[in-house]
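User: I would like to learn how to read some features of a structure, one at a time. Could you take me through them?
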Amino acid sequence: MVVVVLYAFITLVPLLWILLTSIKSPPDSISYPPKVVFEPSIEGYCNLFTTRSRQTEEYIASLPPADSACEAIARKNSMVVVSRSNYLPRFANSLIIAIGSTLLSVGLGVMAAYAFSRFKVPGKDDLMFFILSTRMMPPIAVAIPIYLMYRELGLSDTKLGMILLYSAVNVSLAVWLLKGFIDEIPREYEEAAMVDGYTRLQAFRKVVLPQATTGIVATAIFCLIFAWNEYAFAVLLTSGEAQTAPPFIPIIIGEGGQDWPAVAAGTMLFLIPILVFTVLLRKHLLRGITFGAVRK
């Protein structure tokens, strides 16, 4: 128990430090020694969502009163808010690509897993090993060939290209995980359904899928986490239209260099969707990892 608590504490310290940094002012975020007691500020979140321009004191004095907290903070620093930043579009790209690739990879994975589990596929063991072997190679090893291929196909910096790429990477994990869950569903259930007049497809949809829900959810969580956090391919293959949040957050620059409160704020907001998704489905995740689906 002590070891678990100690491990949890060590794991949570970086997250707590990121949270504290996100509510510091830029000078406090780079102070040495680091400040533990400080006056909280939302400047980091304001800098994350807006772009600002430095103006003269005379110009700022001529403006009407600030209509938002972010505008007031900017004027205190002799700046004005000129537009919204690109963080929200990048965040939306992450949602679209992660959810799209997860749905596609799990959908393909459950069908392939069912075929490997229920039918006599020639060279099944070799095919399963080949599918698994695609996860053995580090992404950076195939990054350049994929970049050249995507450039020729016109898929660079497109959401479709990233969805297809992440699906290709995740489908091997989905097949292996889901095959184990489907193997544990008794064949007799499907046979009984087909005796009652169901087709193979109907038995799969009405018998197998409901009982494999736990495994499907657990697989979806793992696939979503990979697609949500992936950095190497996102840096190489996207730059504008399809860029996701992970490569965008580290390049948030302030006047004096890296805007650490804004970086920390972007990181905290980026953690929320995957945290909420995992917490809401944690029961399925735990059951899926420990027990799988229905056992004979």
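User: Where does Ser78 lie?

Analyst: This is a predicted model, in which local features need pLDDT of at least 70, side-chain atom pairs count only at pLDDT 80 or more, and totals for chains, interfaces and linings use all residues. Residues are numbered from 1 along each chain as its sequence is written, and side-chain values use heavy atoms, with hydrogens and water left out. Ser78 lies in the loop between helix H5 (69–76) and strand S2 (79–84), where helices (H or I, at least four residues) and strands (E, at least two) are DSSP runs numbered from the N terminus. Although Ser78 is not a glycine, its phi is positive, at about 65 degrees.

User: Which peptide bond is cis?

Analyst: The bond from Tyr32 to Pro33 is cis, with omega near 0 degrees, and Pro33 is placed in the loop between helix H2 (26–29) and helix H3 (43–49).

User: How should I read the packing of two helices, and what are the values for H12 and H15?

Analyst: Two packed helices are described by the angle between their axes and the distance between the axes. Helix H12 (residues 213–229) and helix H15 (residues 260–280) pack at about 175 degrees with axes 11 Å apart; axes are lines fitted to C-alpha atoms, for helices over the stretch in contact, and angles run from 0 to 180 degrees between N-to-C directions. H12 is therefore roughly antiparallel to H15, a term for angles over 145 degrees.

User: Which residues make this contact?

Analyst: With contact meaning heavy atoms within 4.5 Å, the residues include Ile221 and Trp228 of H12, and Phe270 and Phe277 of H15.

User: How many helices and strands does the protein have?

Analyst: The protein has 16 helices and 4 strands, and its C-alpha atoms fill a box of roughly 85 × 55 × 35 Å, taken along the principal axes.

Notes
Parallel < 35°, antiparallel > 145°, perpendicular 65-115°, else oblique.
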